[in-house]
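Open your viewer and have the selection panel ready.

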Amino acid sequence: MATLLLRAAGTFVGGLIGGPFGAILGAVGSLGGFAIDNALLSKSSTRQGPRLEGMPILNASEGGSIPRVYGYARAGGQIIWATRFREEQSSEKVGGGKGGLSKGTTVQTFSYYANFAVAVCEGPIAGIRRVWADGQEVDLTNIEMRVYKGTATQLPDPLIEAKQGPGRAPAYRGVAYVVFEDLPLESFGNRIPQLSFEVMRPVGKLEPQIEAITVIPGASEFAYSPQEVTDTLGPGNSVSLNRNVLHAASDWEASIDELQALCPNLKRVALIVSWFGTDLRAGYCRVEPRVEVPARPGASQSWIVSGVPRGDANQVSQINGNSAFGGTPSDASVLAAIADLKARGLQVTLYPFLMMDIPAGNGLPDPYGGAQQAVYPWRGRITEAADGTAASRAAVNSFVGSVAVGQFTPGNQTVNCTIGELSYRRLILHYAHLCALAGGVDAFIIGSEMRGLTWLRDANNAFPFVEALQALARDCRLVLGPATGITYAADWSEYFGLQPTDGSGDVFFHLDPLWAEPAISAVGIDNYMPLSDWRGTTDNARNDGVRSAYDAQAMARSITGGEGYDWYYASEAHRNAGARSPISSGDQGDDWLYRYKDLEGWWSSQHFDRRGGLAVASPSAWVPGSKPIWFTELGAPAVDGAANQPNVFPDP
């Protein structure tokens with residue numbers, strides 16, 4: 001029909017013009033009508049989408065400069081190798097009415113993919129963290145990007161070598177570069193986008209020396225999961241609970257990848273996993289796993305710890321409507337983290353940890369005499385006011401609990417406990433069994449910095465919590481076997497003994513039975529000993545020859561000198577006034593007894609308790625030099641003056 005109509009119209013117009021134009025316009029009308037009829041009436045046809053006529057790429061200037069990067073920096077780059085775009089064709093049959101096309105029309109579309117390499121900067125670097133394309137961060141989990149750090153020994157990329165031929169591909173040694181393989185170009189207008197890269201290149205001496213590190217936060221329900229965990233809030237509305245980056249599948253993967261990139265000689269990782277204490281009074285303190293929110297019905301992974309499901313767990317306290325802590329890591333996430341660390345070739349120490357969830361306005365009686373208990377206090381403050389009595393042993397027994405090794409059974413990605421007791425023994429034995437379920441770990445910590453409890457004496461001057469730690473060490477040895485290192489992480493002010501401030505002159509090597517315990521592998525110390533007494537100016541540096549707050553040589557001298565070795569402050573007023581008192585044991589020749597920094601003196605000597613200032617006749621159970629010393633923690637907060645008191649963290 002359109003052929004007839006348009007031919008008639010063309011002939012009519014041509015007739016008005018006259019001459020040969022009548023025949024020409026008639027033929028044009030016939031051709032146009034035929035095309036319309038064919039589109040409308042034909043059973044099938046083919047339509048092609050747009051195709052690239054050329055393959056535009058970013059400019060790659062010959063002789064362009066190669067930037068040098070220090071620390072963290074965002075850099076561009078030069079394309080140093082590329083292939084022709086790969087074209088991928090797809091066809092789709094469309095029904096009538098779609099886009100005005102007739103029924104049975106085949107629509108062909110074309111997609112394009114690029115293979116190319118970009119030189120980023122001079123190597124070697126630690127790695128590349130984030131990538132932007134045309135100003136937008138790229139989700140690196142959805143593309144194939146290989147990073148070459150620019151070492152002197154790096155090998156050619158296998159794709160480049162496959163394209164160029166064996167022995168014909170450069171390795172670009174000394175240049176940090178990336179290779180993109182089959183990068184989809186549709187989102188970038190079928191062109192290679194403008195790219196920039198966040199480069200990591202440590203320039204200090206510290207990172208290559210680090211061989212062990214402690215992983216925190218220790219409290220976050222799914223932060224340790226290498227796989228993404230999501231929560232569905234409603235139809236089409238979900239959030240990620242453990243992925244806040246685009247350069248890795250989870251926050252865990254991003255963090256450990258970066259850790260290994262920055263610390264290439266890393267060998268050991270201590271994984272902290274936290275439960276929560278509820279009271280500074282040992283006899284009233286429950287020890288339990290807690291959650292951030294009471295319900296997550298849309299979570300892609302269930303939370304369960306020690307057989308306790310989310311619905312049966314208490315919630316951490318709130319500050320202005322937000323969680324004061326993250327929740328206890330789920331057992332499944334801890335198992336996955338252990339497996340991931342092992343797969344990376346790292347030794348694993350599991351570090352069960354106790355945080356005190358005591359909020360403001362708690363109204364709890366304070367064993368230290370305050371109006372109420374301190375807000376979110378240190379676990380080392382758990383104690384019993386009636387020290388030196390039978391009541392202190394009863395309080396310790398209540399805190400420790402009585403759950404036995406045989407009352408734990410393996411479950412599905414968890415370990416169940418057959419009794420409901422929420423106690424310190426349950427915390428430690430649960431994670432010992434969880435480590436066994438994970439195939440074992442290299443080391444295990446049975447507690448840390450419980451100074452207020454280890455110092456508690458009963459009516460016979462015995463130390464009930466130390467006895468409880470010995471029993472726990474033996475039980476953990478049964479669960480974990482002979483190959484796992486086991487220790488208690490004593491506070492630096494606790495490891496060497498108890499010296500009561502009652503004027504008696506007594507000295508108790510209270511932890512020596514624990515250090516001598518056959519189930520204990522090493523003397524564990526959380527080492528936060530002061531390394532400086534810096535007060536801001538060289539004129540006020542307390543005559544220690546300190547040149548500045550960054551005087552590394554002065555700090556090195558203070559490892560076995562200065563405060564805690566040569567002198568001490570008798571009070572905070574003396575500290576503020578700079579009134580130092582020398583450390584001396586008098587004429588008994590054992591100054592190391594009062595020098596917490598004199599690790600060698602303590603380690604290599606027999607230990608004799610003192611009563612009334614005089615040594616008793618028999619030594620303690622400690623055998624000089626019998627076990628190694630492990631620094632189970634070591635460090636300082638990154639704030640001005642931190643070396644003065646490394647154990648003080650100013651952020652509440």
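Start by selecting Val131, Ala133, Val138, Ile143, Phe180, Leu183, Phe188 and Leu195, which line the largest cavity. On a 1 Å grid over the protein atoms alone, a cavity is a set of points where a 1.4 Å probe fits but cannot get out, and lining residues have an atom within 4 Å of a point. This is a predicted model, where local features need pLDDT of at least 70 and side-chain atom pairs count only at pLDDT 80 or more, while totals for chains, interfaces and linings use all residues. Residues are numbered from 1 along each chain as its sequence is written, and side-chain values use heavy atoms, with hydrogens and water left out.

Next, colour β6 (127-133) and β9 (175-184): each gives the cavity lining at least two residues. (Strands are DSSP runs of E, at least two residues, and helices are runs of H or I, at least four, numbered from the N terminus.) The cavity has a volume of about 40 Å³, counted as the space filled by probe spheres set on grid points joined across faces, edges and corners.

What classes of residue make up this lining? There are 8 nonpolar residues, with no polar and no charged ones; Ala, Val, Leu, Ile, Met, Phe, Trp, Tyr, Cys and Pro count as nonpolar, Asp, Glu, Lys and Arg as charged, and the others, Gly among them, as polar.

Now move to the second largest pocket, with about 390 Å³ of space. A pocket is an open set with protein on both sides within 12 Å along at least five of seven lines. Select Ile128, Arg129, Val147, His247 and Asp257, which lie nearest its centre among 18 lining residues. Finally, show α5 (251-262), which brings the largest share of that lining, 5 residues.
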